Amino acid sequence: MTSRSNGEPLVRLSGVNKWFGELHVLQDIDLDIAAGEVLVVIGPSGSGKSTLCRAINRLEPIEKGEITIDGERLPEEGKELARLRADVGMVFQSFNLFAHKTILENVTLGPTKVRKKSKSDAEKRARELLDRVGVSAQAEKYPAQLSGGQQQRVAIARALAMEPKVMLFDEPTSALDPEMINEVLDVMVGLAKDGMTMVVVTHEMGFARRAANRVVFMDGGRIVESAEPETFFTNPRSDRAKDFLSKILTH
Ligand SMILES: Nc1ncnc2c1ncn2[C@@H]1O[C@H](COP(=O)(O)OP(=O)(O)O)[C@@H](O)[C@H]1O
Ligand SMILES: [Mg+2]
C-alpha cells in the first residue's frame, strides 16, 4: 500500500474551522496523520467527528484552514477533486450499497468509471478484495440478500477497490447487530496490520486497543486530547474525557 519516505504526513489538517450557520462545528483543528498510522477518533455525539471525516474528503467544505492529502491541497471542485477524493476511501455507518447492482458490480463501478480500469481488471481485483473481506461467495447476489455485517464488509471492499491512500471509517459498526460487529472489526484490524492509513470514528475500545496508534478525543468541535490508546483509556487527562469514558465504560 502506501509507502512514503519523506516524513511528511499523509493527511494534514491545519487551522481547520467550519461553521454550520452559527454553530462552530470544527474549531482550530490541527491534525497530522502519518502514512500507515491508525487513528481512532472518539467523543460524544455532536462533537464534530463525522464532520471532520467529511471535511477530509470534501463532502463538507471548510471555511478556514487547509487540508492536504499526500502533500496536495484538496481542490474546490472538478476533475482534480474527483481524483483526490478517490484517494480517500470512506465507509459509513449505513452501508450505502447500490441496491439494484450485484455485490460484484458495486465493487467494480468506481474503478471502471473513475479509475478507468478495464472491466476484466476491475472484476479480478474486486474478487480478490471480496475474498479478503470474506464474502467472495456472495459476489453475484444483491445487497438485500446479505447480512448487515456482510454488506459492511462489501462496503470496505468497494472503498479498497479504488486503491485509496487513506481510509476513513465513520462508526462502521454502530448500525450492526452485536454478533456482526467483530467480523467487520477483524477486517479492519487486518487492514491496519497491512499498513493502511486509517481514521476510524468508533467507540469500540477493543478495536482501539488492538489496532490504533493514537486516540483523538473530540468535544465541542475541538480536539481535546490526543494520546496512545493505553494511555488514553487508563489515564485520560481532561475531565471531559474522564466523564465520557465513565459513561461508555459503564453503559
Ligand atoms: N448539515 C448540517 N447542518 C447543520 N448542522 C449540522 C449538519 N451536520 C451536522 N451538524 C451539527 O454539527 C454538530 C456536529 O455533528 P457531527 O459532526 O455529526 O458530530 P458527531 O459525528 O461527533 O456526532 C452537531 O451539533 C450537528 O447537529
Ligand atoms: Mg457522527
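Biologist: In the hairpin of β4 and β5, which residue takes a positive phi near 55°?

Modeller: In this predicted model, two residues lie between the strands of the β4 and β5 hairpin. The strands themselves, β4 and β5 (residues 72-73), run antiparallel and are joined by two bridges, and T68 has R73 as its bridge partner in β5. The residue in this hairpin with a positive phi near 55° is D70.

Biologist: Which residue in β4 stands opposite S14?

Modeller: Strand β1 (residues 11-20) pairs with strand β4 (residues 64-69) in the antiparallel sense, and the pairing extends over five bridges. Along β4, N17 has K64 as its bridge partner, while the residue that stands opposite S14 is E66.

Biologist: Which strands stand at the edges of the sheet, each with a single partner strand?

Modeller: The sheet is open and has four strands, paired antiparallel in the order β2-β1-β4-β5. A strand with a single partner is left without a neighbour on one side, so the edges of this sheet are taken by β2 (23-33) and β5.

Biologist: What is the relative accessible area of K101, a residue found in the loop between β6 and α3?

Modeller: K101 belongs to the loop that lies between β6 (88-91) and α3 (103-113), and together with K79, K113 and K116 this lysine forms a positive surface patch. Residues of such a patch need over 30% relative accessible area, and K101, which is partly exposed, has a value of 31%.

Methods: Residues are numbered from 1 along each chain as its sequence is written. Chains are lettered from A and ligands numbered from 1 in the order in which they are written. This is a predicted model: local features need pLDDT of at least 70, side-chain atom pairs count only at pLDDT 80 or more; totals for chains, interfaces and linings use all residues. Side-chain values use heavy atoms; hydrogens and water are left out. Two strands pair if DSSP finds at least two bridges between them. Patches are made of residues with over 30% relative accessible area and no salt bridge: like charges are joined within 9 Å, nonpolar side chains (Val, Leu, Ile, Met, Phe, Trp, Tyr) within 5 Å. Accessible areas come from the Shrake-Rupley method with a 1.4 Å probe; for residues, only the protein chains shown count as cover. A salt bridge is a side-chain nitrogen of Lys or Arg within 4 Å of a carboxyl oxygen of Asp or Glu. Lys and Arg count as positive and Asp and Glu as negative; His and the chain ends are not counted. The place of a charge is taken as NZ of Lys, CZ of Arg, CG of Asp or CD of Glu. Buried means under 20% relative accessible area, exposed over 50%, partly exposed in between (1.4 Å probe, protein chains only).
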